[in-house]
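Dear colleague,

I am handing over the structure that we spoke about, and below it I have written down what was found. Please keep it open while you read.

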Amino acid sequence: SALVGPKVRVGYLKQSAVSGSTKTVAEEARSEMTFIEEARKRLEYTTKVVEDGDYSEEALEALAVAQEDFEQAGGYEQEQIVDSVLKGLGFDPEDSAQL
């Protein structure tokens with residue numbers, strides 16, 4: 001168990017050996033961030049709804065909620081998180097595109 005202070009976010013990235021993957025090391029690191037990817041999909045969907053001309057209160061509220069959820073999930077910091085994780089595992093920035 002671990003004790004953390006209030007307003008402290010704790011992250012966990014499952015580590016497992018991957019053999020034969022066709023994903024880059026950055027894609028592998030991102031693949032376990034499902035909460036961010038789900039929030040990104042909701043944001044993309046609600047953005048498209050509004051871009052396609054639905055300016056109803058419901059559509060705009062859904063977009064606002066999706067934007068907030070994505071931000072709260074760390075979506076805007078995802079690439080920095082991936083870079084930090086990969087650096088901690090010994091990868092150089094140029095390694096992130098390697099399979």
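Is R40 buried, partly exposed or exposed? R40 has a relative accessibility of 24%, and therefore counts as partly exposed (buried means under 20% relative accessible area, exposed over 50%, and partly exposed in between, with a 1.4 Å probe and protein chains only).

Before going further, please note that this is a predicted model, in which local features need pLDDT of at least 70 and side-chain atom pairs count only at pLDDT 80 or more, while totals for chains, interfaces and linings use all residues. Residues are numbered from 1 along each chain as its sequence is written, and side-chain values use heavy atoms, with hydrogens and water left out.

Salt bridges

The structure holds 3 salt bridges, a salt bridge being a side-chain nitrogen of Lys or Arg within 4 Å of a carboxyl oxygen of Asp or Glu. One of them joins the side chains of R40 and E37, with 3.6 Å from N to O. Both residues lie in helix α2 (residues 34–51), where they are 3 residues apart, about one turn of the helix; helices (H or I, at least four residues) are DSSP runs, numbered from the N terminus.

Another salt bridge is made by the side chains of E79 and R30, at 2.9 Å from N to O. This pair links distant parts of the chain, since E79 belongs to helix α4 (residues 78–88) and R30 to helix α1 (residues 25–31), 49 residues apart. E79 has 38% relative accessibility and so counts as partly exposed.

K48 and D52 also meet through their side chains in a salt bridge, with 2.8 Å from N to O. Here K48 is partly exposed at 48% relative accessibility, whereas D52 is exposed, with a relative accessible area of 57%.

Surface patches

On the surface, V4, V8 and V10 form a nonpolar patch that has about 280 Å² of accessible area together (patches are made of residues with over 30% relative accessible area and no salt bridge, with like charges joined within 9 Å and nonpolar side chains, that is Val, Leu, Ile, Met, Phe, Trp and Tyr, within 5 Å; accessible areas come from the Shrake-Rupley method with a 1.4 Å probe). V8 sits in the segment before α1, and its relative accessible area of 45% makes it partly exposed.

D54, E57, E58 and E61 form a negative surface patch, where Asp and Glu count as negative and the place of a charge is taken as CG of Asp or CD of Glu. Among these residues, E61 is found in helix α3 (residues 57–73).

Key
Helices (H or I, at least four residues) and strands (E, at least two) are DSSP runs, numbered from the N terminus.
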